[in-house]
Amino acid sequence: MQTFAALNQPRVGYTLNIESPFTDVSAAPSRVYDIVPVPNDDFIYDYTLQHPNTTTWGISFSQTSASPINIQYQVWFNATNTANSSDIFGRDALAIVRGIDEAIITVLNDPTAMVKANIGIALKDWPLIPPGRLSDSVVQQLGSVFFFCSEMIIFINVLNQIVTEKELKLRHGMEVMGLRPAVYWLSHLLSNTVLVLINALVTCLCGLAFGFKIFRNANFGVLLIMFFLFGEAMVMFAFFITTLVRRARVAVLAGIFLFIIGLLIESFVFSSSYIGYIWWSGIIPSGVSYVLGLLPFFNFGHMFLDISSMTTGQLDRLTNTYIPGPGFPWSALYSAPPSDTLPFYGDNPPAVPPVIQAWYLLIMDCFVYGLLLWYCDNVIPNEYGMAFPPWFFLTPDYWGFETSSAKSTNRNEWQTHNTSGKVMIPIEGDEDSDVLVERDRALDSSYFPALKIVNLRKVYRNSALFASKLDKIAVRNSCLTVEQGTLLALLGQNGAGKSTTISMLSGLTPSTSGDALIYDMSVRNQMQRIRKIMGICPQHDILFDDLTAREHIELYAGLKGVPKSQLKALIDERLYAVRLHTVADVRAGTYSGGMKRRLSLVISTIGDPKIIFLDEPTTGMDPVNRRHVWSFIEKLKRNRVIILTTHSMEDADVLGDRIAVMCKGRLRAINNSIALKSKFGTGYRISVVTHQAQADQVKSIVQRMVPGAHLDDDSAGALIYRFPATSMGAIPGFVKWLEQNKNGLVKSWGISQSTLEEVFLKLIRESSHKKQ
Ligand SMILES: Nc1ncnc2c1ncn2[C@@H]1O[C@H](COP(=O)(O)OP(=O)(O)OP(=O)(O)O)[C@@H](O)[C@H]1O
């Protein structure tokens, strides 16, 4: 055998271990050997039965006579090793037989050996033994891929869920109502940590139930923590990615892309120990493994390989069989896998780090992605363009240490800052006198009502870098004031700038220039404080389909810090007020459009806000419920400021203490309903029915009593007059005359005032003729 090994060494690398490592037949081999001598034939039988699939072939020599020496040998092939059976019975068999023959002839030709031998070959069956567990080798080779996939389901779900909340503006809705970003992320982290833990536990228990060696031979805690840390690192990785995308569809696609990258790494790198350990072989610069350590699936694949090679065993590339590993106790975490479970690169095993390092790297991944999430979430502008500057973490405001300017506003300084030297929109020749008065009031440095808007302007830029003709000026230097206890109704066509005004005042979008003071707090730098006293009913309902009306109120009451003891009474009272009490425990996803609006309205009133923004709150409401909502809003007015935008003239007429009409981003008119109707309306319409013969007489009386009266219609004694607003003073006397002559000169009469709708249409018509 020595001669056989020596002759074949240059060809196939076989070496003979003179000192047999096999003395105890039940001891498992601890590494891959080449050719080893064993005590006798029985040893081979027993060994093969106890350690299936660990040998390919054996040779048994026997001496049948002493003189001349007869040597007989039998070549036994392991028939259970089906992977390359054709080689064993074909090419390999011939090669081995030829090799042994050459060795014997060499020995016989050695004059010093004095050996005479006949060569005889006999075939013998290898003991038939059950094949090894196929499933173990599959787990060894594909386990990291399989278990990686189960974690990726959570990863993609996190991406989809968070970006959907962003897309549907649910997150911002909650933030405007007082939710802190840290609380938002922590709640997601907590719920996903529970999911990850359950997933890790189920994976380990299933692995044990199916009897995979990696689960039976490794410490349960080690596996559980490995799956858990991997899941957590993937969740943090997903959180970070959500800051970079705005659409749920893009997020899912990004998730699938990363899933495929991870899958490739797991299946091509870590399913083979030869490639899996190459990072520590010296062939690749050592820093590469640390950079790759930023990918959670790299660390997971590495650790899975360590554990599986010490539990399931190692694939012997020579014999294509698995050599069982020594197992993976907890203590094995602190050292590198034994070198005989590692592949060799040349003559050297790789310098693999301790197994626990993969844990440390996974924990590091959690912190790195947590930091990136925190930074990007603050710096990357949201859907509305709000973002902190890149150095936000250096500002005391961010950390809650309010600077004196953020704590309280010096009214004089604020006023000077927002007016002097600022570009004011030029006053047009025919600017409405009320608008001019309103502007003066806003610029008055001694007048500070609950809400004061000065020079507020919003330009939606077409390009982030430079101004262009395509920029959209949504609000043109608005100046407005609103007293506490009043409701200002904002009217305007689609695109007039109403929602943009509300968005700037509620901190959803930053203003381009100008500022507003809400109870002496600036919307530019004191939004956190303003949010504590603010409620908003946004234009589009921000509701969770799976929550009931009651749960919505509980959620927002929690954010607003409403005491639990007041919660039940609050829910009952508010839901009854808008007639949602009968569906308090029904999921909001099943509500009609009008019901959703009413729930959004109720939400905006939670926490006793001092200022409430209602953006088209009555859209889609039937006349009955609209009246309930009117009386609810009417009651809310006391001690508050309410800003209401609407397309319903009725809403504005009934609720608005003052009505402001916006056209193309500019304030065109502002006053109470009666004054607006008088000023912009067509005045009064009076119809007088007389005898046809006396019509001329009545006409001359009207012309005398109401000089500006305009006859719109005259048919068969029915006269329809339009009295301009300027002739208001003459109306009482004329009405008196009509009553005195009723049943005489006058058969009957009627009077009606211009509607707000007529006023609105007139203002819009006039505005469309003006140049911007
Ligand atoms: N995010 C945005 N990017 C670019 N332009 C915008 C954006 N939001 C609004 N605009 C534009 O600004 C103008 C004012 O829009 P805004 O939504 O404030 O009008 P509105 O009066 O509330 O209209 P509606 O009654 O339809 O709600 C519109 O021309 C609109 O197209």
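At the start of helix H8, a side-chain oxygen of asparagine 219 comes to within 2.8 Å of the backbone nitrogen of glycine 221. Such a pair is a polar contact: N or O atoms within 3.5 Å, where within protein one must be able to donate a hydrogen and the other to accept it, and residues adjacent in sequence count only if both atoms are side-chain atoms. Helices here are DSSP runs of H or I with at least four residues, strands are runs of E with at least two, and both are numbered from the N terminus. The model is predicted, with local features needing pLDDT of at least 70 and side-chain atom pairs pLDDT 80 or more, while totals for chains, interfaces and linings use all residues. Residues are numbered from 1 along each chain as its sequence is written, and side-chain values use heavy atoms, leaving out hydrogens and water.

H8 covers residues 220–242, and its 23 residues should span 33 Å at 1.5 Å a residue, which agrees with the 33 Å between its end C-alpha atoms. The expected span is 1.5 Å times one less than the number of residues. Because 19 of the 23 residues are buried, H8 is largely enclosed by the rest of the structure. Buried means under 20% relative accessible area, exposed over 50%, and partly exposed in between, with a 1.4 Å probe and protein chains only.

Helix H6 (residues 181–209) has 29 residues and reaches 42 Å from first to last C-alpha, close to the expected 42 Å. Its buried residues include Tyr184, Trp185, His188, Asn192 and Val196. An α-helix has 3.6 residues a turn, so residues three or four places apart point the same way. After H6 comes glycine 211, with a positive phi near 75°.

An unreviewed UniProt entry places "transmembrane region" features at residues 142–163, 183–210, 222–244, 250–270 and 277–298; such annotations may be inferred rather than shown by experiment. Residues 183–210 are 96% helix and 0% strand, with end C-alpha atoms 40 Å apart. For residues 277–298, the figures are 45% helix, 0% strand and 12 Å.

The ligand has 14 residues around it, of which Gly495, Ser499, Thr500, Gln539 and His647 come nearest; a residue counts as near if one of its heavy atoms lies within 4 Å. H17 gives the largest share of this shell, three residues. Strand S7 (472–482) and helix H17 (498–505) each supply at least two. Ligand oxygen atoms lie 3.0 Å from a polar side-chain atom of asparagine 494, 2.8 Å from a side-chain N or O atom of lysine 498, and 2.5 Å from one of threonine 500.
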